[in-house]
Amino acid sequence: MDTKRLQLNDLSALWIVFILFIITPSCHASYSIGVGIADSTGPSAEIVFMGYAKMDQKGSGIHLRTFSRAFIIDDGEERFVFVSVDSSMVGYEVRKAVLKKLHSQYDNLYTEKNVMISGTHTHSSPGGFMMDVLFDLTTYGFSKETFNAIVNGITNSIQRAHDAVVPGRIFITQGEIFDANINRSPLAYLNNPKDERDKYDHNVDTTMTQMQFIGADNRPLGVINWFAVHPTSMNNTNHLISSDNVGYASVLFEKMMNKDSLIGKGPFVASFASTNLGDVSPNTRGPKCEFSGLNCTEQSTCPGKKEMCFASGPGKDMFESTSIIATKLFNKATDLWKNGRQKEVIGPIRVVHQYVDMPTESATFYNKTTGQFEKVHGCLPAMGYSFAAGTTDGPGSFSFQQGTTTSNPFWNAVRNFLAAPTDEDIRCHSPKPILLATGRMKFPYQWQPRIVSTQVAFIGNVIIAGVPGEFTTMSGRRLREAIKTATNSVTYDEDYTVIIAGLCNTYSDYITTPEEYQIQRYEGASTIFGPHTLTIYLKLYQNLVMSAIQKKEVNPGPSPQYLSSKKMISFITPVLFDATNWGYNFGDCVEQPNSVVYPGDIVKVSFISGHPRNNLMTDKTYLTIERLLTNNNTWITIATDANWETKFEWVRKSVVLGSSQVYVTWEIPENVKLGEYRIKHFGYYRYILGGIYPYQGTTNTFKVVQPDPNMCRKKNT
């Protein structure tokens with residue numbers, strides 16, 4: 001062997017590798033990056049969903065599990081964590097509990113300053129975790145199970161991201177999506193100045209912003225997409241836990257990148273996070289009278305009929321509508337990932353955070369009507385009459401209407417029994433007629449927050465503003481412009497991408513423009529700090545941006561009131577015991593599948609079950625769809641209760657006897673692999689004399705075969 005030649009070849013190869021390392025951009029790491037995902041699914045049965053405030057919308061199963069997705073970015077000097085969790089929102093106590101858990105493991109590495117937690121705002125996940133009375137009132141009080149599931153999910157996702165940190169690069173890109181969102185309060189939007197509206201082609205934001213995370217070895221790590229749309233494709237008749245359109249878009253992207261991994265188990269993490277979605281609906285067919293199909297009035301009511309004004313999505317039902325909107329988001333995100341004009345994010349990380357007591361804040365507002373500058377103030381929290389009307393995505397009860405600027409003696413009497421607003425409150429909130437003076441209510445504890453979290457993160461040439469509520473379309477546009485103005489006044493750099501991250505750290509309802517507030521649609525009535533809530537936020541976020549650029553210390557602000565979970569009131573009925581009907585055992589399959597089925601068929605089976613709240617099966621599943629590998633006679637799981645094509649439904653058969661059943665539905669994909677299958681159910685039952693015990697059940701095996709094209713058959717359901 002010619003060892004000398006071999007050594008020379010080795011040296012040449014090493015030299016080539018070194019040159020490639022120097023000249024190839026993909027080998028350069030600008031940041032340390034970690035991504036992580038964890039199950040955050042709460043109790044799936046007999047807990048009211050959070051979002052529509054409909055007390056009879058209790059969960060009875062799972063269509064899509066919810067997840068927390070965490071992204072860690074570190075420049076060597078400062079670390080920033082962004083979390084997007086499939087939850088209706090995030091409260092101060094949830095964030096505090098997460099940080100407490102992280103502190104016990106990482107000391108002061110993760111704090112209020114550098115951790116930003118954003119809720120996707122799905123309306124199809126269990127409530128009872130916010131601790132503010134108004135938000136937990138319709139869920140029958142505090143749910144420790146829901147609270148712990150969200151806190152543990154967020155914590156676990158950050159821990160997994162921490163353990164996965166590697167050198168990497170970040171890219172930013174944008175693209176347009178059409179026919180995926182509409183403005184659900186166009187009258188309020190039209191009250192904004194015409195010269196301002198003329199700057200934009202649409203009354204909703206149509207731009208998707210995508211942040212891509214790539215390892216130094218060119219391995220895809222993760223992606224965050226921000227697009228303005230409410231996750232309300234699943235309406236208030238739904239009783240199955242769902243992450244809705246944005247959650248399903250995340251599932252689709254992760255399935256594409258993680259290949260054969262089960263949902264929530266792959267290394268690549270994809271988030272579709274919330275932004276300024278306040279007045280933005282996915283129900284693109286618009287509002288119609290629920291039964292007659294007539295057009296709604298401008299106040300979103302149905303003339304002469306006792307029917308709801310309800311907006312619907314593009315599909316034949318809410319499931320198809322969810323899939324259509326999710327697929328639109330996924331397709332654009334995929335296009336941006338593969339073909340977008342990517343700009344690399346380079347530069348230091350700077351994160352600033354401040355708590356703000358909104359009722360004590362003031363700002364300067366230019367009144368275009370008078371041509372004068374005015375000093376304006378925040379108000380104590382209060383909700384208006386139109387809040388009770390709900391939205392066209394989920395109409396409210398009683399006879400309330402959107403656009404109400406007058407009060408009613410009866411409802412005022414009810415309001416005053418709870419807490420009467422002062423004359424100053426009424427003046428401050430005008431023209432909003434106050435239905436609930438939440439800032440005056442003290443029993444049994446705080447009804448809405450008055451101290452909110454404000455936060456800004458600079459990642460090179462990207463600015464993420466974490467806002468504590470739902471900014472409307474124009475409110476978000478004004479905030480982005482205000483941040484750019486503040487930034488350019490110091491850096492003279494117009495190349496910043498400004499992102500509004502919605503529903504972060506605290507939830508303080510909506511933020512409309514002062515002009516939209518005058519119309520008192522649902523969003524204006526739910527702008528709790530008065531007509532100049534946005535005016536104050538513009539000042540606050542400009543100050544945060546200036547402090548970040550100039551590296552000034554930010555006053556942390558007043559600490560919010562901490563509401564201990566031990567003192568929370570709950571009227572949620574506990575699970576007492578489970579039992580089976582005579583002659584049955586837990587896990588027995590009482591409804592078997594057909595022995596032969598075809599792609600596109602729907603298989604539905606049923607098992608004797610315990611209560612799902614006996615064990616939330618976190619990072620596990622209540623069901624599996626399994627296929628037999630004939631070469632080694634083993635079963636592999638091809639789907640769980642986190643898959644779109646499965647549904648897990650729990651039905652109480654007898655309250656007195658404590659008996660129940662679960663129904664597992666599998667809509668067989670058209671591209672399924674043919675072969676032998678079975679369905680399994682996993683659960684826990686509570687014994688009447690104490691103790692919780694596991695069980696499982698399995699169906700008979702069945703075959704998925706290709707139908708004879710010449711055979712006329714009825715679809716199995």
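Select Cys289 and Cys302: both are buried (under 20% relative accessible area with a 1.4 Å probe, protein chains only; exposed is over 50%, partly exposed in between). A disulfide (a pair of cysteine sulfur atoms within 2.5 Å) joins Cys289 to Cys302, with 2.3 Å from S to S. The link of Cys289 and Cys302 is left-handed, at -120° about the S-S bond. Cys289 lies in strand E13 (residues 286-289) and Cys302 in the loop between E13 and strand E14 (309-312), so the pair ties together parts 13 residues apart in sequence. Helices (H or I, at least four residues) and strands (E, at least two) are DSSP runs, numbered from the N terminus.

This is a predicted model, in which local features need pLDDT of at least 70 and side-chain atom pairs count only at pLDDT 80 or more, while totals for chains, interfaces and linings use all residues. Residues are numbered from 1 along each chain as its sequence is written, and side-chain values use heavy atoms, with hydrogens and water left out.

Next, select Cys296 and Cys309, joined by a disulfide with S to S 2.2 Å. The torsion about the S-S bond of Cys296 and Cys309 is about 110°, so this disulfide is right-handed. Both Cys296 and Cys309 are buried.

Move to Cys379 and Cys428, whose disulfide has S to S 1.9 Å and is left-handed, with -90° about the S-S bond. Cys379 is in the loop between strand E18 (372-377) and strand E19 (383-384), and Cys428 is in helix H10 (residues 423-429). The structure holds three disulfides; with the bonded cysteines numbered in sequence order, the pairing is 1-3, 2-4, 5-6.

Now show the largest nonpolar core, which has 82 residues. Such a core is a set of buried Ala, Val, Leu, Ile, Met, Phe, Trp, Tyr and Cys residues joined through side-chain atoms within 4.5 Å. Ile154, Ile158 and Tyr537 have the most contacts inside the core. Helix H14 (residues 533-550) gives the most to this core, with ten residues.

Select helix H4 (residues 144-163), which has 20 residues. Its buried residues include Ile154 and Ile158. Among the elements covering the buried residues of H4 are strand E1 (31-39) and helix H2 (92-106).

Finish at Ser595, in the loop between strand E28 (589-591) and strand E29 (596-597). Is Ser595 buried or exposed? Ser595 is exposed, because its relative accessible area is 54%. Leaving out residues up to four places away in sequence, Ser595 touches Phe702 and Lys703 (contact means heavy atoms within 4.5 Å).

Conventions
The expected span of a helix is 1.5 Å times one less than its number of residues.
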